[in-house]
Amino acid sequence: MTWPVKITELPETGGKIPDPIAPFKTVLLDERGKAMSSENFAQLLGKWRDTGTRETRFVLGAADGHSDAERREADLLLAFGPATWPHLMARAMLMEQLYRAAAILAGHPYHRAG
């Protein structure tokens, strides 16, 4: 049910995202992005997977957020609500949503358990 995950932390300034294995998608976590239900998020990831996307990059911005150019180039701007979250909290929330998406796509009861 799980997908391979690699976490790369870049320095606050001057960091570059490593060259990807194509084709890939880029998702920027951004407070001005789109809020999605867990089901819709899972459906989107499933669609990307099923149409040949081999890698999806999730990028949390630095203290000043993402540049306008980065926003324009992203495949999705994703928000966990209008609040600003500390990076460690945003990472944990992202990992939970990725796990939940895998569970939803696999038909596993985790998503509705509890």
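**A residue and its surroundings**

Modeller: Leu-76 has a relative accessibility of 12%, so it counts as buried (buried means under 20% relative accessible area, exposed over 50%, partly exposed in between, with a 1.4 Å probe and protein chains only). This is a predicted model, in which local features need pLDDT of at least 70, side-chain atom pairs count only at pLDDT 80 or more, and totals for chains, interfaces and linings use all residues. Residues are numbered from 1 along each chain as its sequence is written, and side-chain values use heavy atoms, with hydrogens and water left out.

Biologist: Which strand does Leu-76 lie in?

Modeller: Leu-76 belongs to strand 3. Helices (H or I, at least four residues) and strands (E, at least two) are DSSP runs, numbered from the N terminus.

Biologist: And what is Leu-76 in contact with, leaving aside neighbours within four places in sequence?

Modeller: Its contacts, meaning heavy atoms within 4.5 Å, are with Thr-26, Val-27, Leu-28, Met-36, Leu-44 and Trp-48. Leu-28 is 48 residues from Leu-76 in sequence, yet their C-alpha atoms are 6.4 Å apart in space.

Biologist: Turning to helix 1, which of its residues are buried?

Modeller: Ser-38, Phe-41, Ala-42, Leu-44, Leu-45, Gly-46 and Trp-48 are the buried residues of helix 1. Their cover includes strand 1 (24–35), strand 2 (55–60), strand 3 (76–79) and helix 3.

Biologist: How do the axes of helix 1 and helix 3 cross?

Modeller: The axes of helix 1 (residues 38–50) and helix 3 (residues 87–106) come within 9 Å and cross at roughly 75°. Axes are lines fitted to C-alpha atoms, for helices over the stretch in contact, and angles run from 0 to 180 degrees between N-to-C directions. Helix 1 is therefore roughly perpendicular to helix 3 (angles under 35 degrees count as roughly parallel, over 145 as roughly antiparallel, 65 to 115 as roughly perpendicular and the rest as oblique).

Biologist: Which residues meet there?

Modeller: From helix 1, Ser-38, Glu-39, Phe-41, Ala-42, Leu-45, Gly-46 and Arg-49 meet Gln-97, Leu-98, Arg-100, Ala-101, Ile-104 and Leu-105 of helix 3.

Biologist: What follows helix 1?

Modeller: Gly-52 follows helix 1, with a positive phi near 100°.

Biologist: Finally, what pattern does the whole chain follow?

Modeller: Along the sequence the pattern is β-α-β-α-β-α, with 3 helices and 3 strands. Of the chain's 114 residues, 28% count as buried.
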